[in-house]
Amino acid sequence: MGMSVTISVATERDAEQIFRLQYLCFQSEAALYGNYRIDPLVQTLDSVREEVGADCVFVARLGEEVVGSVRGTPNPDGTAAIGKLCVHPRLQGHGIGARLLRAAESALAEERGAKRFRLSTGHRSDKGLRLYRRVGYETVGTDKGTDGVPMIVLEKPAGSYAATA
């Protein structure tokens, strides 16, 4: 019998696995834009550790292995920023990303008072855009990442949980 993927709050000891997973997962994004200096690829391990300690960070585990992660940061205006959603390439397409999003959204709304969720993704990131729209996010604008990549900004109100994959 196979193991199930579980979703839980990240701990300090997960930081290194999150760091390595993020580096693996965002290679395909970097290739889409021909830019290997995108933010998730240049983030330091210390910075990931800081986020795990300060932000709302969830991981997906298969046994002891971290196979997915997402971060959420509440803002004073009631909007929570969600970012760096990633799932190991061998496990993509099985609903893990949607489960991670739901966990982060629930915690941000219930524990940190978020009223809206905002995220952004590269304009060529078709898989990400499909996922975000499927779980209720709508395009609200565009932006340019600090790495120069054109981004699509999406939002949804807290409490609007669309059916997941």
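The model is predicted, with local features requiring pLDDT of at least 70 and side-chain atom pairs pLDDT 80 or more, while totals for chains, interfaces and linings use all residues. Residues are numbered from 1 along each chain as its sequence is written, and side-chain values use heavy atoms, leaving out hydrogens and water. Helices (H or I, at least four residues) and strands (E, at least two) are DSSP runs, numbered from the N terminus.

- Q43 sits in the loop between α3 (39-42) and α4 (45-54).
- Its relative accessibility is 10%, so Q43 counts as buried; buried means under 20% relative accessible area, exposed over 50%, and partly exposed in between (1.4 Å probe, protein chains only).
- The side chain of Q43 also makes a polar contact of 3.0 Å with that of S47.
- Leaving aside neighbours within four places in sequence, Q43 is in contact (heavy atoms within 4.5 Å) with F19, Q22, V48, E51, R71 and K84.

**K84**

- K84, one of the contacts of Q43, lies in strand β4.
- Phi of K84 is near 50°, a positive value in a residue other than glycine.
- K84 is partly exposed, with a relative accessible area of 22%.

- In strand β2 (residues 56-62), seven of the seven residues are buried.
- Burial extends to both faces of β2, with C56, F58, A60 and L62 on one side and V57, V59 and R61 on the other.
- In a regular strand the side chains alternate between the two faces of the sheet.
- Strand β1 (residues 5-9) pairs with β2 in the antiparallel sense over five bridges; two strands pair if DSSP finds at least two bridges between them.
- The bridge partner of S8 in β2 is V59.
- With strand β3 (residues 65-74), β2 pairs in the antiparallel sense over seven bridges, and A60 stands opposite G68 in β3.
- The hairpin of β2 and β3 has two residues between the strands, and G63 takes a positive phi near 70° there.

**Helix α6**

- G128, L129, L131 and Y132 are buried in helix α6 (residues 126-134).
- Seen down the axis of α6, these buried residues fall within an arc of 165°, so they line one face of the helix; the arc is that of the directions from the helix axis to the C-beta atoms.
- The exposed residues K127 and R130 are carried on the face turned away from the buried side of α6.
- Packing of the buried residues of α6 is against β4 (79-87), α5 (96-112), β5 (116-122) and β7 (150-157).
- Just after α6, G136 takes a positive phi of about 105°.

**Cysteines**

- The whole structure has zero disulfides, a disulfide being a pair of cysteine sulfur atoms within 2.5 Å.
- C25 is in no disulfide, and the nearest cysteine sulfur, that of C86, is 4.3 Å away.
- C25 counts as buried at 8% relative accessibility.
- The closest cysteine sulfur to that of C56 is in C86, 15 Å away and too far for a bond.
- C56 counts as buried at 6% relative accessibility.

Definitions and conventions. A polar contact is a pair of N or O atoms within 3.5 Å; within protein, one must be able to donate a hydrogen and the other to accept it, and residues adjacent in sequence count only if both atoms are side-chain atoms.
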